[in-house]
Structures are given as C-alpha cells and as structure tokens.
Amino acid sequence: MSEIDCHELLRQLWTYLDGEADAPLCEDLQRHIARCLPCRQHAEFERRLREIIQYKCRGERAPEPLRRDLARLLGITIQTG
C-alpha cells in the first residue's frame with residue numbers, strides 16, 4: 001500500500017477512468033478518492049463528463065471528409081458505402 005497525493009491522483013485519473021490502471025494503482029487511487037473530498041468531486045465530475053460524451057457520441061459516425069483525412073494521415077484505406 002502506498003500513499004498518493006492529489007497531484008498524483010490527477011496525473012493518473014484518466015488512466016484509472018479508462019480502466020488502464022493496474023490493480024495496485026486502482027486500490028491506491030480509490031483509497032485517496034475515498035478520503036479526499038476535492039479529489040472525489042473532481043473524479044466524479046470527470047466520470048460523469050466521460051459518460052455524457054460517450055452517450056452523446058453513441059452511434060455517430062465522423063463526417064466522411066474527416067474519415068478520409070484521418071485514413072490518409074494513418075496511411076490506411078477505408079471502405080465507403
């Protein structure tokens with residue numbers, strides 16, 4: 001068990017929210033969030049923002065010109081139709 005501070009929590013928050021943090025880091029972050037009101041509020045805000053963005057972007061396709069530009073930049077071919 002290690003103690004993390006608010007700065008470290010903010011640095012690791014998106015890794016945690018994206019489900020990319022390993023188990024020990026998750027435990028440390030959850031422990032900090034449980035005892036630190038400002039970080040708990042910030043984490044809750046970011047979690048809700050993430051949910052809203054996912055909800056609003058659900059089923060949306062990027063405009064075709066953007067898809068072509070991204071494919072060109074990535075050097076891939078996209079199928080249309």
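**A spread-out chain of helices**

Among contacts between residues at least 6 apart in sequence, 56% join residues at least 24 apart. That figure, like the rest here, comes from a predicted model.

Start with the fold. The chain has four helices and zero strands. Read from the N terminus, its elements run α-α-α-α. The radius of gyration of the chain is 18 Å, well over the 12 Å that the globule rule gives for 81 residues, so the chain is more spread out than a compact globule. The box tells you the dimensions. Along the principal axes, the C-alpha atoms fill roughly 50 × 25 × 20 Å.

One pair of residues gives a sense of distance. Glu3 and Arg68 stand 65 residues apart along the chain. Their C-alpha atoms are separated by 47 Å. Glu3 itself is found in the segment before α1, which covers residues 6-17. Its relative accessible area is 55%. The cut-off for exposed is over 50%, so Glu3 counts as exposed.

Next, the surface as a whole. The chain exposes about 6500 Å². Carbon and sulfur atoms supply 55% of that area. Buried residues make up 21% of the 81 residues.

One of the buried residues carries a charge. Glu46 sits in helix α3, which spans residues 37-57. Glu46 is buried, yet has no salt bridge. Where is the nearest side chain of opposite charge? It belongs to Arg50, 8.9 Å away. A salt bridge needs a side-chain nitrogen of Lys or Arg within 4 Å of a carboxyl oxygen of Asp or Glu. What does Glu46 touch instead? Setting aside residues up to four places away in sequence, Glu46 touches Leu13, Trp14 and Leu17.

Helix α4 covers residues 64-74. Which residues make the nonpolar surface patch? Leu66, Leu70, Leu73, Leu74 and Ile76 do. The patch is about 510 Å². Ile76 lies in the segment after α4. Is Ile76 exposed or only partly exposed? Its relative accessibility is 47%. Partly exposed covers the range between under 20% for buried and over 50% for exposed, so Ile76 counts as partly exposed. Patch members need over 30% relative accessible area, and Ile76 has 47%.

Ile76 is a partly exposed residue within a nonpolar surface patch.

Terms used: Residues numbered from 1 in each chain as written. Predicted model: local features only at pLDDT ≥ 70, side-chain atom pairs only at ≥ 80, totals over all residues. Heavy atoms only, no water. Patch = residues over 30% accessible without salt bridge, like charges linked within 9 Å, V, L, I, M, F, W, Y side chains within 5 Å. Areas by Shrake-Rupley, 256 points an atom, 1.4 Å probe, with all protein chains shown as cover. Helix = DSSP H or I, 4+ residues; strand = E, 2+ residues; numbered from the N terminus. Buried < 20%, exposed > 50% of the residue type's maximum accessible area, 1.4 Å probe, protein only. Lys, Arg positive; Asp, Glu negative; His and termini not counted. Contact = heavy atoms within 4.5 Å. Rg over C-alpha atoms; globule rule 2.2 N^0.38 Å.
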